[in-house]
Amino acid sequence: MLKADMPGQFFSGALLAAVCGQLGDREAAAESVRAVLALKPDFPQVAREEFAKWYPPELVERLIEGLSKAGLDTAGDGSVAPRSRTTETRELAEASPSIAVLPFGNLSPDPDNEFFADGLTEEVIADLSVIRALRVISRTSAMHFKGTNKDLRAIARELQVRYVLEGSVRRSGVSLRVTAQLIDAENDSHVWAEKYSGSVEDVFAIQEEISRKIVNALQLRLTDAEARGIAERPIDNAAAHDCYLRARHEVYRFTADGLDRAQKLVDAGLSLIGENSLLLATRGMVSWYYLNFSIRPEDRYLDEAAA
């Protein structure tokens, strides 16, 4: 339970950084970390201590894990030390291949299947983001180009990347067709293009295959951990995965009704597979927006945002 007094202003930013870190939204997580450090420069050294004032140990560990994914790493002595992937690997990032995954187009007969196309976009971005030798543009930046007719070379220049992945999704009932093509924007040429057909149950394999095709095309060598990250399926139940994608889509509507629907979808997903890190992180994001937009300002939502 929360204590009666509220923590400092930096605290809400730290919670948001942890939630975004768990959800893999690195750009939003990094922005939150920067805001926290502007308010409390010594936060990396006292993060665990600050969280321990308000939460039991098991919640503290989950928050620390989220902060680590947001760009703050837990040192071996148990303290929290700042880590900026951009700073640590700036030279590598500048020399490494770079890619933007543009929002997949929804060619389904039902326009409501847009959530599925957006979800596939996000998950390919998440897969590629585990590869340290590849600079991947965040979901937040990529989504700015949803529905645009802008020239791919202009997009690549704006995002400062060499490669662009674009594609489309057609879903009808349980049938699924995905097209994807990788473009070298430097010379406006196709590196590869592929069509995948199957059912919604095959989306996990299709997503992994697209990521591996990019890895092979760019001649990247994966570490064992990176290979496991691409193959990992945090939600391997198609129905629960559908709930997760729909919930994320509703969250990004940034409306009270959308958040309410997202909450119900998360609960539905959890009822199918039990506790799951992605579903629980999405619930935390919903609770955060309830608080941030003063839609549901009850204390329990601060607890859920942290959990």
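**A friendly tour of the pocket and the rings**

Both F115 and F116 are buried. The model shown here is predicted.

Visitor: Which helix gives the largest share of the lining of the second largest pocket?
Guide: Let's start with the space itself, which has a volume of about 440 Å³. Among the 25 residues lining this pocket, D25, R139, Y252, F254 and Y289 are the closest to its centre. At least two lining residues each come from helix 1, helix 2, helix 7, helix 8, helix 12 and helix 14. The largest share, five residues, is from helix 7.

Visitor: How many charged residues are in the lining of the second largest pocket?
Guide: Good one to sort by class. The lining has eleven nonpolar residues and four polar ones. The charged residues there number ten.

Visitor: Over which ring does the charged end of R139 sit?
Guide: R139 is one of the residues closest to the centre of the second largest pocket, and Y252 is another. The charged end of R139 lies 3.7 Å from the centre of a ring, and that ring belongs to Y252.

Visitor: What percentage of the residues of the protein count as buried?
Guide: Stepping back, the protein has 15 helices and eight strands. It has 307 residues, and the share that counts as buried is 50%.

Technical notes. Residues are numbered from 1 along each chain as its sequence is written. This is a predicted model: local features need pLDDT of at least 70, side-chain atom pairs count only at pLDDT 80 or more; totals for chains, interfaces and linings use all residues. Side-chain values use heavy atoms; hydrogens and water are left out. On a 1 Å grid over the protein atoms alone, a cavity is a set of points where a 1.4 Å probe fits but cannot get out, and a pocket is an open set with protein on both sides within 12 Å along at least five of seven lines; lining residues have an atom within 4 Å of a point. Grid points are joined across faces, edges and corners, and a volume is the space filled by probe spheres set on the points. Helices (H or I, at least four residues) and strands (E, at least two) are DSSP runs, numbered from the N terminus. Ala, Val, Leu, Ile, Met, Phe, Trp, Tyr, Cys and Pro count as nonpolar, Asp, Glu, Lys and Arg as charged, and the others, Gly among them, as polar. Buried means under 20% relative accessible area, exposed over 50%, partly exposed in between (1.4 Å probe, protein chains only). A charge sits over a ring if NZ of Lys or CZ of Arg is within 6 Å of the ring centre and within 35 degrees of the ring normal.
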